[in-house]
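Here is a short tour for anyone who likes to see the geometry spelled out.

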Amino acid sequence: MTMIELVLSGFFMTCVYANGVADVVLSCALVEEGVGLGGMGGGSLFTRTPATLVLRDVAVAPDESLEALTPFVPPSIPDPDAILFEAKVSSPDIPDAAVLLHADCNEQEVMCEISRYSPRGSQDSSEPTYFMVSINVEGVDFSTALILQTLTLERDQSTLIQNKLNLPLSQSGTLLTEVIFLVFSHVKSVSAPLRGDVLLNCGFKQPDTPLAQELDIEWRLQHRGKGRKVLEMKTRLDDVEGTTVMHADRRGSSMDAAQVVGEGNASVTLNKLKVMDEGTYICTVSVGVFHAQQVIQLHVIQPPQVTLSEEKLVLETSPQTLSCHCSKYYPLDSQMEWLSLSPTDTEPTVLKDQVSLSSHRQHGDGSYSLSSHLNVPSDISPGTKIICKVSHPALDAPLSVSVLAESPEPASYWWVLGFLIITVLFFYQVMK
């Protein structure tokens, strides 16, 4: 296999299929706290420095097509200014890593941020050094947070030191690390119906030899500047009987303790959703002194019920009003419009000037209702279809209801007979 050197400027990703594993190269940003206060005397809150992350031995699914691609080769001349992380991810592995393998070919942007990480109780000068890596793929439900631990390297006079991080580099100029813990989610955003149920996905992985036995999982909801705890579970990975403690602040929230311990599945189920359940959910998984998070957006939706005030529209000489009621929907965003389609038209005509809207009405469950009123144009001809069209985020396509304009019905036989009987009776009384 021919070996080539990879250029590390800009975004680059390479996939290597060999023995069921691949190397993936990601263009990242090293995020650090800036100097000074942003907007108050200069300096920004955070600084971003270009960095490269090489994920070694990423597991490849058996059904992946094998291609003779070249593995990652570091620069021939090590550069102490370059920030080049090299991380082994064989154990624990990254779930759904195939997304990373194909993102470049699918023209999907990979967002990768690296920052220093301090386990609880650790000193800044202690070794090893830890880093948090956040990886998201645009347009795909893939999100993961990795904790990297630097590998111990002996320092001597010939050891190359990375200038910015002040950490020893390997002979090839890479910062050698390994993934020791990761928290992931298969969804970034989910929509669920009002009064329905939803599963918010979150999982974690660590090495075959656990970092610790103590496990703490917390779900929190953040919405419109306010936060509250949803559910918390404390347990042990060695599944000691009676050690699991679960506290649900939100009634109807639950986790499966057996799946948490056995499979690393920290997903939470929410039953009977309310409008107040909408917002940003934060899944925090702590194992011993290490913790990482995932963020999932929950959108509560409810499609509208659309009805017309009349089942029949009989044209009259006097002004007529037709109402369209859009009821019990969420969120507030909705659009209503009136159209007419005469027997001779091929496309409907939008009716704008004769329309008025009521104010929004909010119900006890948080849903909304709105009515639109149409003053039926006097020039509407029989056979014309009057259409009320409603658009709403909970609808895959606009919802329409319609009524057909009809001519006035002629006087019926019974009306004529009744009139004759009354007339005869009247004259009979007069002639008596």
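In what order do the strands of the open sheet of five strands run? The order is β19-β27-β26-β21-β22, and the pairing is mixed. Before going on, a word on the basis: this is a predicted model, where local features need pLDDT of at least 70 and side-chain atom pairs count only at pLDDT 80 or more, while totals for chains, interfaces and linings use all residues. Residues are numbered from 1 along each chain as its sequence is written, and side-chain values use heavy atoms, with hydrogens and water left out.

**Two open sheets**

Strands here are DSSP runs (E, at least two residues), numbered from the N terminus, and two of them pair if DSSP finds at least two bridges between them. In the five-stranded sheet, β19 (313–314) and β22 (349–351) are the edge strands, each pairing on one side only. Within this sheet, L341 stands opposite K385 in β26.

Another open sheet has three strands in the order β9-β15-β14, with antiparallel pairing. Its edges are β9 (198–200) and β14 (253–254), each of which pairs on one side only. V198 has L270 in β15 as its bridge partner.

| Strand pair | Sense | Bridges |
|---|---|---|
| β9 and β15 (residues 268–270) | antiparallel | three bridges |
| β21 (residues 335–341) and β26 (residues 385–391) | antiparallel | seven bridges |

**The second largest pocket**

The second largest pocket has a volume of about 240 Å³. Of its 14 lining residues, E113, I114, S115, M132 and S134 are the closest to the centre. Two or more lining residues come from each of β1 (21–33), β4 (110–117), β5 (130–137) and β17 (290–301). By class, the lining divides into seven nonpolar, four polar (Gly is counted here) and three charged residues (Asp, Glu, Lys and Arg).

A pocket is an open set of points on a 1 Å grid over the protein atoms alone where a 1.4 Å probe fits, with protein on both sides within 12 Å along at least five of seven lines; lining residues have an atom within 4 Å of a point. The volume is the space filled by probe spheres set on the points, which are joined across faces, edges and corners.

**Q294 in β17**

Strand β17 also holds Q294. Q294 counts as buried because its relative accessibility is 3%, where buried means under 20% (1.4 Å probe, protein chains only). A polar atom of the Q294 side chain lies 3.2 Å from the backbone oxygen of V183. Leaving aside residues up to four places away in sequence, Q294 touches S143, T144, A145, V183, F184, S185, Y281, I282 and C283, contact being heavy atoms within 4.5 Å.

Terms used: Helix = DSSP H or I, 4+ residues; strand = E, 2+ residues; numbered from the N terminus. Buried < 20%, exposed > 50% of the residue type's maximum accessible area, 1.4 Å probe, protein only. Polar contact = N/O pair within 3.5 Å; in protein donor to acceptor, adjacent residues only side chain to side chain.
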